[in-house]
Amino acid sequence: MSDASSIPATGAARTAEVTRNTLETRIRVRVNLDGTGKARLKTGVPFFEHMLDQIARHGLVDLDIEAEGDTHIDDHHTVEDVGIALGQALAQALGDKRGIRRYGHAYVPLDEALSRVVIDFSGRPGLVWEVPFTRALIGRFDVDLAREFFQGLVNHAKMTLHVDNLRGINAHHQCETVFKAFGRALRMAAEPDPRTAGQVPSTKGSLVG
């Protein structure tokens, strides 16, 4: 059971707000794709907030995310539903994707760890996830939830996303390089391309699915 509502972006500002309420979680996400990297995060999952902050900071997007979930059971529903709501917000903020670069990629190292993320705002959801975490928990954070977050995001942003951790020993470093690289790739893919004259970057003429 869910009750999802949204406020579409208006004018030239590439912003969106999404509210998602279910029996398991209550989520509100605001995103500004042309922000400065500011993040206001309250999810009840501290390590997850640390990762979301990486997306904002390195993607130069402003994120305002509030979540209340059944974390007394575990963090799964909260993390997954934030991914869903953020994906919906990204899709709304991008609109018909006219004039964006569409593709983005980034390699990000952190000490011994190195990750690569490649994005295509294709209008088709698809996730390829090759992240061999070296342990199951980072503090109390279940590393499986990183994939669940991106799966929810991909499904609702309707994007193709390839995530590869190329090397790493420390699981915290592995996860952080993934989120930082996603932020950098998001920044590249979503930024306006002045050479396209506002066209949709597709020979089909549409990237809305």
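R102 and D120 are joined by a salt bridge between their side chains, at 2.6 Å from N to O (a salt bridge is a side-chain nitrogen of Lys or Arg within 4 Å of a carboxyl oxygen of Asp or Glu). R102 lies in the loop between α2 and β6 (103-110) and D120 in strand β7 (residues 113-120), so this contact ties together parts that are 18 residues apart in sequence. R102 and D120 are both buried (buried means under 20% relative accessible area, exposed over 50%, and partly exposed in between, with a 1.4 Å probe and protein chains only). Helices (H or I, at least four residues) and strands (E, at least two) are DSSP runs, numbered from the N terminus.

The model is predicted: local features need pLDDT of at least 70, side-chain atom pairs count only at pLDDT 80 or more, and totals for chains, interfaces and linings use all residues. Residues are numbered from 1 along each chain as its sequence is written, and side-chain values use heavy atoms, with hydrogens and water left out.

**Salt bridges**

- By the rule above, the count comes to 17 salt bridges.
- One of them joins R20 and D81, whose closest N and O atoms are 3.7 Å apart.
- This pair links distant parts of the chain, with R20 in strand β2 (residues 15-22) and D81 in helix α2 (residues 76-94), 61 residues apart.
- Both R20 and D81 are buried.
- A salt bridge also connects D64 with R30, the closest N and O atoms being 3.9 Å apart.
- Because D64 belongs to strand β5 (residues 62-69) and R30 to strand β3 (residues 25-32), the pair ties together parts that are 34 residues apart in sequence.
- D64 counts as buried at 14% relative accessibility, whereas R30 is partly exposed, with a relative accessible area of 39%.
- D64 and R30 also belong to a network of salt bridges that links E17, R28, R30, R40, D64 and E66.

**Aromatic pairs**

- Rings of Phe, Tyr and Trp (its six-membered ring) pair if their centres lie within 6.5 Å; planes under 30 degrees apart count as stacked, over 60 as edge-to-face and the rest as tilted.
- The count under this rule comes to 7 aromatic pairs.
- F48 and F149 form an edge-to-face pair, 5.4 Å centre to centre with 70° between the planes.
- F48 lies in helix α1 (residues 46-59) and F149 in helix α3 (residues 144-157), so their pair ties together parts that are 101 residues apart in sequence.
- F48 counts as buried at 0% relative accessibility, and F149 likewise counts as buried at 0%.
- F149 also pairs with F179: the ring centres are 5.7 Å apart and the planes stand at 25°, so this pair is stacked.
- The F149 and F179 pair links distant parts of the chain, helix α3 and helix α4 (residues 171-190), 30 residues apart.
- F179 is buried, with a relative accessible area of 1%.
- Ring pairs link F48, W129, F149, F150, F179 and F182 into a cluster.

**Strand β8**

- In a regular strand the side chains alternate between the two faces of the sheet.
- β8 pairs with strand β11 (residues 160-167) in the parallel sense over 5 bridges (two strands pair if DSSP finds at least two bridges between them).
- W129 has V163 as its bridge partner in β11, and W129 is also one of the residues in the ring cluster.
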